[in-house]
Amino acid sequence: MKKQIIKKLDKKWLDSSVEARATPLLLAYAESKFEKMSNDIIKIMAIALFTTIIAGCGNSGGAPISSSINLQTVLNEAVNSAEAKNEYITGIPLTFQCNGINNNQPQSFSAGKMSSKIDAPDLPINAIYQIGSSSKSFLAVVALQLADEINPETGKKYFGDKGLDATVGEILDNPISSSAWNAQWNQIPLRQLLNMTSGIPDYALDLYPAFSKYPTQYISTDELLQIAANKKPDFEHGHGWQYSNTGYVIMNKIISYVTKSSIKEQINNRIINKLGLTYTYYVEHLPLDAVSDSAQKSLLMSGYFGNKDFGGFSPTEDISLYSLSFYNAAGSILSNTEDMNKYIHALFSAKNGLLTQSQLNQLTYMVATEDTDKYKKGQHIEVIDQVANDKYGLGYGLGVMEYFVQLPDGRNLTFYSHGGTTWDFNSNWIYIQSKQVYLSYAFNSDSFTRVLRKSVE
């Protein structure tokens, strides 16, 4: 299936000069980023879009997109494919921007419908979706800013002189073990919570049955921590790497404690309002309640599990309006591709006032996500110079990943990214610094949940 679709894409949308460069990159990117994803249409869409965009970017001038890089056609084909229909993917929004195309200005596209209903309206380019774990960099930005700021109530920095290298216990006064707390967590530096080297087990898999039974239930930060509190660590903190949402929930608790406010307030004041992200919302519980602009409530895309019944949900049931408290600060933000484009611009440019250069350096300070011949998991990587074997990039920073691909002419290419999955959405953003490429897109169904289904069936 993969080779057939790639061949079709090459023939229809890539001219011969681009095809010679792009086809090996398609395959390399497929292996490095999407090997473990079971949904063909998500793999191929992401690969095709990534490749067609970088093939035309980095040029001088600013001509509009050529017919050989027709992203609207790619999206239309994808959303109408058998694979998309099988997964109940009804809509795909996308925004991209790069030097050399469309006068270097962003362009937004959409294909499909807002939902699977027969009378569903066409998907608008500003449709709002759940960004999932792409939310993690938002919390990391707040943490980086606070680490350098003086708390007006104490006259000292929020995390003390050590900043993000202060331990959890130093900030929270070493809470004792309880049903919602493991005293071993007190020894872990804040930075390790953010770069996934804490060894604290992930709570997410254990939460799936609860969501399937009580999708409108609000779950607090402490209730989420209770799931992980009695589990053995995955490894000794600082001596490994494992993706874990729990560290971001703990970081939410810490930020709320030192600022005496909610993480929602902090993200709103420091990022959303500052950047003018008018379609972006931190959701504490129900999405409809979080969208303050009543006119935007109709822009919320419907979202679906996938192609099988599970936990009382049918494949056609829209679960997009159920509680996002299950994700907490690890993944409960709503946005659209236009706002995400603005955000990624600001995230990686010290000139935009979101992060200083020093803070940006910390954000992109990468540790290895897997063992290689050069590095052990959790070790700092000076240069990302090989393809990752897992679905994560070879390097993980503070809520951002870094990937590596090798072009057929021998050149190497690295880029930043962070995908986001919820029970009903799969999204991603990509930033290629060398070509100044910005890409964000979403699908309103997520095959990732099949893995969770198998774990509890």
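Ser-137, Phe-138 and Val-141 of helix 6 touch Met-340, Tyr-343 and Leu-347 of helix 14, where contact means heavy atoms within 4.5 Å. By class, this contact has 5 nonpolar, 1 polar and no charged residues; Ala, Val, Leu, Ile, Met, Phe, Trp, Tyr, Cys and Pro count as nonpolar, Asp, Glu, Lys and Arg as charged, and the others, Gly among them, as polar.

A word on the basis: this is a predicted model, in which local features need pLDDT of at least 70 and side-chain atom pairs count only at pLDDT 80 or more, while totals for chains, interfaces and linings use all residues. Residues are numbered from 1 along each chain as its sequence is written, and side-chain values use heavy atoms, leaving out hydrogens and water.

The axes of helix 6 and helix 14 come within 12 Å and cross at roughly 40°. Helix 6 is therefore oblique to helix 14, and the crossing is left-handed.

Now to the second largest pocket, which holds about 370 Å³ of space. Its lining has 17 residues, and Asn-151, Thr-154, Lys-157, Tyr-158 and Val-258 are the closest to its centre. A pocket here is an open set of points on a 1 Å grid where a 1.4 Å probe fits, with protein on both sides within 12 Å along at least five of seven lines; lining residues have an atom within 4 Å of a point.

Helix 11 gives the most, with 3 residues. Helices (H or I, at least four residues) and strands (E, at least two) are DSSP runs. The lining divides into 6 nonpolar, 4 polar and 7 charged residues.

Conventions: Grid points are joined across faces, edges and corners, and a volume is the space filled by probe spheres set on the points. Axes are lines fitted to C-alpha atoms, for helices over the stretch in contact, and angles run from 0 to 180 degrees between N-to-C directions. Angles under 35 degrees count as roughly parallel, over 145 as roughly antiparallel, 65 to 115 as roughly perpendicular and the rest as oblique. A crossing is left-handed if the near helix is turned anticlockwise from the far one by less than a right angle, and right-handed if clockwise.
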